[in-house]
Amino acid sequence: MEGGWGRAREISRRVARGVADAGRATARASRATAGGTARASRATARGARKVGKATRRLTYANGADRTGLGRLIELSAGNSAGDALVTVALASTVFFGVPVGEARGSVALYLVITMLPFGLLAPFVGPILDRFRSGRRYVMAGTLFGRGLLCFAMAAAVGPGDLPTLFIGALGVLVLSKAYNVSRAAIMPSVLPADITLVSANARVALFTLVSAGVAVPIGAGLTAWLGSAMVLRVAMVAFLLLGVAAVRLPRHVDSPDLEEEGAAPRWRTLLKVGPAVAEAVWANVALRVFSGFLLFFLLFLVQDKAVPWLAAGTRDPFFDITKTIALLAAAAGLGGLVGAAVANWTRNHAPQLIVLVTLAVTVVTAIGTAIFFGLWTALAISLITAFAQELGKLALDAIVQREIGEEVRSSTFGVVEAMLQLAWVFGGLVGLVLSLSQSSLAGLVTLAVALTAALGWLLIARRQRVRATDAKLRRERAEAGERDLQRADTLDPTKPLTNPNG
């Protein structure tokens with residue numbers, strides 16, 4: 001018995017030592033895990049600080065810290081990230097959450113609803129902004145606060161599936177986003193440093209807005225999958241409200257004084273009064289926007305209908321499916337936008353009128369090639385080139401408007417331009433929806449390639465006629481000036497005898 005009790009006590013002591021050792025090992029592992037987590041947190045914080053400092057150096061380079069351009073770039077980047085969060089949150093509730101056939105009807109309804117307010121509000125948004133030139137900071141802040149309130153309303157509508165509220169809220173966010181862009185473009189000359197050209201400043205803003213949107217999209221998608229669309233919309237609401245406060249804190253010289261004479265009639269800005277250079281750039285960008293809207297919805301529904309060669313029955317690629325194809329097309333479009341902004345920064349301020357026409361010509365050539373050799377790689381190429389041309393052409397157009405149009409009507413001009421481009425994109429999207437019903441890539445791409453070629457030809461002919469008319473006018477003015485100089489020389493020549501014509 002004593003031997004048995006001894007063995008039992010020995011086993012108990014061993015078990016106790018094992019438990020103690022396990023406890024100490026667990027404690028050491030916990031301390032190591034806590035230390036690793038702390039070190040990882042500190043490393044992440046240091047990395048975030050380094051990224052923040054590097055970003056601040058880029059945004060504030062070349063005197064942008066002194067003029068307020070750096071703060072405007074940061075504000076615009078935050079604005080773009082907020083819009084991206086709203087887009088991601090609404091995508092799962094409005095578009096991708098319904099079958100393909102029903103999605104066409106929903107998207108068409110959204111496009112029509114989007115087009116009507118822009119057509120109705122375009123003549124009024126610009127003049128209203130021009131009349132508040134002395135309070136542009138507060139106008140920009142108002143567009144941000146307004147979007148924050150709309151996000152709050154849409155978040156409440158996600159749960160019960162209130163589609164009218166979601167449509168109206170999304171429309172309001174879009175309109176206020178365009179109003180922000182109009183105000184931001186109008187104040188760019190006010191914050192332009194001496195060492196930066198307009199094209200470069202616009203390109204710098206575009207680069208940071210595209211990067212911030214690209215970062216916000218996967219974050220928004222992850223938050224949507226984890227917390228739901230309503231929570232992402234609430235996050236966007238908080239972001240817009242904070243950005244509104246930042247907009248009020250922009251430098252005061254952003255607000256230009258009201259110089260309109262009392263009793264003067266308001267001046268309305270239309271495409272007939274902007275001058276030939278601005279009108280040419282606008283029409284070229286309209287053609288690019290029509291093609292961009294068409295391509296987005298045309299390719300999207302062709303892919304979802306599996307009416308593309310690499311997804312068709314019998315020839316289906318085992319690697320590429322619908323989701324991967326859409327992701328690749330989206331990545332190509334995002335890369336094209338980044339490249340367009342980078343090229344705009346590289347071109348500086350060299351011939352923005354020529355840049356606009358070159359981007360349209362490159363798009364025409366790529367569209368023709370895609371129509372002939374349609375496949376996965378040509379679809380990726382046309383997505384990249386279209387986004388590249390749209391971004392570069394718009395930045396060149398902004399520089400032309402900022403250079404050619406006076407301060408007193410610049411917002412009116414940008415208001416008309418933004419409305420025209422939005423309507424063109426919507427029209428192109430509707431055309432893409434209709435032509436996607438044919439499930440024929442050749443028919444749709446050939447139709448738009450012909451339309452783009454016609455637009456480019458018309459612009460080139462009009463430009464040549466304008467150049468010829470200008471040259472002829474200069475020759476006439478030089479000839480008349482030469483005749484006047486000869487007459488004046490004859491009159492003042494002291495060696496020429498004065499004669500009386502009457503004898």
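## Helices in the model

A helix here is a DSSP run of H or I that is at least four residues long, and helices are numbered from the N terminus. In this predicted model, F294 and F298 both lie in helix α9, 4 residues apart, which is about one turn of that helix.

The protein contains 14 helices and 0 strands. Read from the N terminus, its elements run α-α-α-α-α-α-α-α-α-α-α-α-α-α. The protein has 503 residues, of which 43% count as buried. Among contacts between residues at least 6 apart in sequence, 84% join residues at least 24 apart.

## Helices α7 and α10

Two packed helices are described by the angle between their axes and the distance between the axes. Helix α7 covers residues 198-227 and helix α10 covers residues 322-347; their axes come within 8 Å and cross at roughly 155 degrees. Angles over 145 degrees count as roughly antiparallel, and α7 and α10 are therefore roughly antiparallel to each other. The crossing in which α7 passes α10 is left-handed.

On the α7 side, the residues that meet α10 are V199, S200, A203, A206, L207, L210 and V211. On the α10 side, they are G337, L338, A341, A342, A344, N345 and T347. Sorted by class, the contact of α7 with α10 has 10 nonpolar, 4 polar and no charged residues.

## Helices α10 and α12

Helix α10 also packs against helix α12, residues 376-404: the axes of the two come within 7 Å and cross at roughly 35 degrees. The crossing of α10 and α12 is right-handed.

From α10, the contact takes in L328, L329, A332, A333, L335, G336, G337, V339, G340, A341, V343 and A344. From α12, it takes in A379, L380, S383, L384, A387, F388, E391, L392 and L395. The classes in the contact of α10 with α12 are 16 nonpolar, 4 polar and 1 charged residues.

## Helices α12 and α13

Helix α12 packs with helix α13, residues 410-436, at an angle of about 155 degrees, and the axes are 10 Å apart. With this angle, α12 and α13 are therefore roughly antiparallel to each other. α12 passes α13 in a right-handed crossing.

K394, L397, D398, V401 and Q402 of α12 make this contact with R410, T413, F414, V417, E418 and L421 of α13. The residues of the contact of α12 with α13 divide into 5 nonpolar, 2 polar and 4 charged.

## Aromatic pairs

The whole structure holds 4 aromatic pairs. In one of them, the rings of W283 and W458 have centres 6.4 Å apart and planes at 70 degrees, so the pair is edge-to-face. W283 lies in helix α9 (residues 276-304) and W458 in helix α14 (residues 441-492), so the pair ties together parts that are 175 residues apart in sequence. The relative accessible area of W283 is 34%, so W283 is partly exposed.

F294 and F298 form a stacked pair, with 4.8 Å from centre to centre and 20 degrees between the planes. Are these two residues buried or exposed? Buried means under 20% relative accessible area. F294 has a relative accessibility of 0%, so F294 counts as buried. F298 also has a relative accessible area of 0% and is therefore buried. Together with F291, F294 and F298 form one aromatic cluster.

Key
Residues numbered from 1 in each chain as written. Predicted model: local features only at pLDDT ≥ 70, side-chain atom pairs only at ≥ 80, totals over all residues. Heavy atoms only, no water. Axes fitted to C-alpha atoms, helices over the stretch in contact; angles between N-to-C directions. Parallel < 35°, antiparallel > 145°, perpendicular 65-115°, else oblique. Left-handed = near helix turned anticlockwise from the far one by under 90°. Contact = heavy atoms within 4.5 Å. Nonpolar A, V, L, I, M, F, W, Y, C, P; charged D, E, K, R; others polar. Phe/Tyr/Trp six-rings, centres within 6.5 Å; stacked < 30°, edge-to-face > 60°. Buried < 20%, exposed > 50% of the residue type's maximum accessible area, 1.4 Å probe, protein only.
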